[in-house]
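Please look over the sequence and the model below before reading on. The report that follows begins with charged side chains, and then turns to strands and helices.

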Amino acid sequence: MSLWRWWGAASLALVSLVVGCRPHAQGASSAPAAPDLDADPLALLPAGAMAVGNLDAHAAFASAFGPALGSALTAILPLPESAGFIAPRDLDRVVVASYPANQPEVAAVLSGRFDPAKIQSTTQTRTGAAVTSGTFAGFATETAGQVTFAAISPRTLVAGTLSGVQAVLDRVRQGHLDRAVTPQVVETLQTPGAQAALVADFTAQPVAIGSIGIVNLGWLRGVRLVRALADFNPPGLNVAATSTFGDASQAAAAIAGIHALDGWLAVLAPALGGARIQNLQVDAVGADVTSKFAVDGASVAALLGLGTYFISPRGGQTR
């Protein structure tokens, strides 16, 4: 399973459950002022995102599943020790967006502390895979397998698919650093107390899925918008979401579908490393479905470990 297909599958599983340059002063130099690349990660994201998420990395690494998250991020962004980057120490925030395409396009903006010179000098990943250097829009890029990354400042690193990273870099080159995401996305991601948040808009491209194996997910086709918030308090991960469907009948079908999915997850728990959903609450008001659930830290760690297996060489990504 490819890295970005796994990322898309993980996002779908979550949805299934939560269903220009500044003007110059007179007399100043004609050279444009350098944009502040670190001021607003959301402003670096290109327009047209289908899903946008935000993660408080400090809170996540301090949670019960922090070590597993560190291993997962190391697998996704396999910088060698010579790059001088240790995710639990150096990462503050992650903003990630996915864009509709035949193959998922992903762009992530990581805020923290980076050493561009060391990162640009890397030639191998931690596991010995080759790192290919390049340039795009005046920025140095590095590619390892399916992941491309570019340290555009000591505080900001862009990562994702090649096209996703290039779209960010091209946006920066053109000086387009005004937010292209909707106010609704900004409001949701900046909800006080939320240590993670996700907004997914399927209005332009409805979910096209019937089932995963024997698990029926046809009811997902009616979802239009998902807004999810999470914190990392005990037991580990607590999620509250509102999912908007096309009409009240689709919302009612979604409630039945979510309860059925919860039952299947209990049956499939051994294959998922023992991961289980706790305290599921689902209700509908008109076309909106509200849901709450918790996942204990050990279960989150198991799911992260499963994902790390699929995106590592032994899991088949780079064979």
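In this predicted model, the side chains of aspartate 92 and arginine 155 meet in a salt bridge, with a distance of 3.8 Å from N to O. Aspartate 92 lies in strand S2 (residues 91–99), while arginine 155 lies in the loop between strand S6 (147–153) and strand S7 (156–160), so the pair ties together parts that are 63 residues apart in sequence. The two partners can also be described by their accessibility: aspartate 92 counts as buried because its relative accessibility is 16%, and arginine 155 counts as partly exposed because its value is 39%.

| Arginine | Aspartate | N to O distance |
|---|---|---|
| arginine 155 | aspartate 92 | 3.8 Å |
| arginine 179 | aspartate 40 | 2.7 Å |
| arginine 173 | aspartate 170 | 2.6 Å |

Arginine 179 and aspartate 40 meet in a salt bridge. This pair links distant parts of the chain, 139 residues apart, since arginine 179 is found in the loop between helix H6 (162–173) and helix H7 (183–189), and aspartate 40 in the loop between helix H1 (3–18) and strand S1 (51–56). With a relative accessibility of 38%, arginine 179 counts as partly exposed.

Arginine 173 forms a salt bridge with aspartate 170, and both residues lie in helix H6, three residues apart, which is about one turn of the helix. In an α-helix there are 3.6 residues a turn, so residues three or four places apart point the same way. Aspartate 170 counts as partly exposed, at 23% relative accessibility. Salt bridges that share partners also join Asp92, Arg113 and Arg155 into one network.

Next comes the sheet. How many strands does the open sheet have, and in what order do they lie? The open sheet has twelve strands with antiparallel pairing, in the order S4-S5-S6-S7-S3-S2-S1-S8-S11-S12-S14-S13. Its edge strands are strand S4 (132–136) and strand S13 (278–285), each of which pairs on one side only. From one strand to the next, the twist averages 15 degrees.

Strand S2, which holds aspartate 92, is mostly covered, as eight of its nine residues are buried. S1 and S2 run antiparallel and are joined by six bridges, and in this part of the sheet aspartate 56 stands opposite arginine 93 in S2. S2 also pairs with S3 in the antiparallel sense, over eight bridges, and the bridge partner of valine 94 in S3 is leucine 110. A hairpin joins S2 to S3 through five residues.

H8 has 21 residues and reaches 30 Å from its first C-alpha to its last, close to the 30 Å expected at 1.5 Å a residue. The buried residues of H8 are Ala251, Ala254, Ile255, Gly257, Ile258, Leu261 and Leu265.

Where does the buried side of helix H6 pack? The buried residues of H6 pack against S3, S4, S5, S6 and S7, and these residues are Gly164, Val165, Val168, Leu169, Arg171 and Val172. Seen down the axis of H6, the buried residues fall within an arc of 155 degrees, so they line one face of the helix. The length of H6 can be checked too: at 1.5 Å a residue, its twelve residues should span 16 Å, and this agrees with its end C-alpha atoms, which are 16 Å apart. After H6 comes glycine 175, whose phi is positive, near 80 degrees.

Terms used. Residues are numbered from 1 along each chain as its sequence is written. This is a predicted model: local features need pLDDT of at least 70, side-chain atom pairs count only at pLDDT 80 or more; totals for chains, interfaces and linings use all residues. Side-chain values use heavy atoms; hydrogens and water are left out. A salt bridge is a side-chain nitrogen of Lys or Arg within 4 Å of a carboxyl oxygen of Asp or Glu. Helices (H or I, at least four residues) and strands (E, at least two) are DSSP runs, numbered from the N terminus. Buried means under 20% relative accessible area, exposed over 50%, partly exposed in between (1.4 Å probe, protein chains only). Two strands pair if DSSP finds at least two bridges between them. Axes are lines fitted to C-alpha atoms, for helices over the stretch in contact, and angles run from 0 to 180 degrees between N-to-C directions. The expected span of a helix is 1.5 Å times one less than its number of residues. The arc is that of the directions from the helix axis to the C-beta atoms. Contact means heavy atoms within 4.5 Å.
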